[in-house]
Amino acid sequence: MQGLLLVNLGSPKTPTTKDVKQYLKQFLGDQNVVTLPKWFWQPILKGIVLPMRSWRSATFYQHIWLKEGSPLIVYTQKITDQVQKKLPNWQVKMAMTYGEPSISQQLFALKKSGCNQITVLSLFPEYTLSTTASIIEQVKATQIPTKIIDRFYQYVSYQDAFANHIQKAWDQKNYDQLFISYHGIPSSEIKHGDPYLDECLAHTEMLKKRLNIPEDKIKMVFQSKFGPMPWLKPYLKNSLLETVQKGKRNILIAAPSFVTECLETIEEDYTQNYQTFRENGGENLDLVPALNDDPQFIKFIADLVQEKVQTENE
C-alpha cells in the first residue's frame with residue numbers, strides 16, 4: 001500500500017500564551033530557522049524573545065483562530081482529506097514540522113498500517129534551509145524509507161493552478177500593482193548556498209508568463225522579517241508605502257510561500273500591512289486567497305505523487 005504524508009509548518013495547540021510559547025520555543029530553537037550558535041542564541045531566546053514575543057503572538061493567533069482551530073491546521077486537513085479522495089487506494093496523512101501531529105508520529109502510523117512505500121511532500125513550493133531542511137532531517141531521523149518531494153514550484157500544472165488563482169482575483173478590481181510576496185529569509189543564508197532566492201525568481205518569472213497582467217505592474221517582494229539581521233529585499237511593507245507615495249493606491253498581494261491561510265496571510269497581511277497601507281493613503285489592499293483545497297491544486301498533488309511513485313518503480 002502507498003502512503004502519503006503532507007507536511008506543513010505547524011501551529012500552537014491553542015492561542016494561549018502558554019501554548020504559543022511552547023510552539024515558539026520549538027520553532028525558534030531549530031538551528032535551521034535561527035542559524036546562530038546555540039551558546040549565543042539560546043540565552044537570548046529564553047531570556048528575551050520568548051517572554052516578550054509569546055504573549056504578543058498569542059494575541060495575533062486569537063485574532064485569526066477559527067472555531068475548528070488554527071487556520072493552518074484546519075486548511076491542511078482539508079487538503080489532506082481532498083487528496084485522500086483523489087487517491088482512494090492510498091493512505092494520506094498530514095504532519096507538522098513543529099507541534100502536532102509530528103512527522104515521526106505520522107510516519108510510524110503509516111508504516112504500522114501497512115504502507116510499504118511512503119512519499120513525503122513538503123507543502124513549501126520552494127526549497128530553503130529554514131523549512132524544507134528540517135522536514136528532511138525529521139524524516140530521516142525515523143529511519144523509515146521514504147520518497148521526499150522537497151519542492152514543487154517548477155511544475156507546470158502547479159504554476160497553472162496558482163496563476164489561475166491570481167488572475168481570478170486580479171480581474172475582480174482595477175488594481176494598480178500586484179506584489180508577489182514570498183516569506184523572507186536572512187540574506188546570509190543565500191551567501192551560504194541556499195537556493196531559495198533563485199527559486200523565488202524562477203517562480204515569479206514562470207507566473208509572469210501565465211498572467212494577463214502587464215509586467216510593469218508586477219513586483220516580487222519579501223515579508224515576515226524576524227530579528228535585526230538583514231533579510232531578502234525589497235520588504236513588502238516598505239514597498240507598499242513607496243507604491244502609495246507614487247499614487248498607486250489599489251494593490252493586490254499574492255503570497256506563493258503559503259499554500260494555506262495562516263498567521264502571515266491573515267494577521268500580517270490582512271491586518272497589520274492593511275492598517276499601515278490605509279494609514280498612509282492607500283485605498284484597496286487585497287490578498288489572493290491561499291490555494292487551500294482548490295480543486296486544481298488538489299489534482300496537482302495527487303498527480304505529482306502518483307507520477308513520482310510510478311517513475312521510481314519503473
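Predicted model: local features only at pLDDT ≥ 70, side-chain atom pairs only at ≥ 80, totals over all residues.
## Briefing: helix packing, backbone details and a cavity

Pro101 sits in the loop that links strand E2 (90-98) to helix H4 (103-112).

**Other backbone details**

- A cis peptide bond also runs from Lys233 to Pro234, with omega near 5°.
- Pro234 belongs to the loop between strand E6 (218-223) and helix H9 (236-245).
- Gln143 is not a glycine, yet its phi is positive, at about 60°.
- You can find Gln143 in the loop between helix H5 (129-141) and strand E4 (147-149).

**Helices H1 and H2**

- Helix H1 (residues 17-28) packs with helix H2 (residues 38-64) at an angle of about 135°, and their axes are 8 Å apart.
- The two helices, H1 and H2, are therefore oblique to each other.
- The crossing of H1 past H2 is right-handed.
- On the H1 side, the contact is made by Thr17, Val20, Lys21, Tyr23, Leu24, Lys25 and Leu28.
- H2 brings Trp41, Leu45, Val49, Leu50, Arg53, Ser54, Trp55, Ser57, Ala58 and Tyr61 to this contact.
- Sorted by class, the contact of H1 with H2 holds 11 nonpolar, three polar and three charged residues.

**Helices H9 and H10**

- H9 and H10 make a right-handed crossing.
- Leu236, Lys237, Leu240, Leu241 and Val244 of H9 meet Asp269, Asn273, Thr276 and Phe277 of H10 in this contact.
- The contact of H9 with H10 is made up of five nonpolar, two polar and two charged residues.

**Cavity**

- How many cavities of 30 Å³ or more does the structure hold? The structure holds one.
- The volume of the largest cavity is about 40 Å³.
- Its lining consists of Phe162, Ala254, Ala255, Phe258, Glu261, Thr265, Leu287, Val288, Pro289 and Ala290.
- Eight nonpolar residues, one polar residue and one charged residue form the lining of the largest cavity.

Methods: Residues numbered from 1 in each chain as written. Heavy atoms only, no water. Axes fitted to C-alpha atoms, helices over the stretch in contact; angles between N-to-C directions. Helix = DSSP H or I, 4+ residues; strand = E, 2+ residues; numbered from the N terminus. Parallel < 35°, antiparallel > 145°, perpendicular 65-115°, else oblique. Left-handed = near helix turned anticlockwise from the far one by under 90°. Contact = heavy atoms within 4.5 Å. Nonpolar A, V, L, I, M, F, W, Y, C, P; charged D, E, K, R; others polar. 1 Å grid on protein atoms, 1.4 Å probe; cavity = no way out; pocket = protein on both sides within 12 Å on 5 of 7 lines; lining within 4 Å. Points joined across faces, edges and corners; volume = space filled by probe spheres on them.
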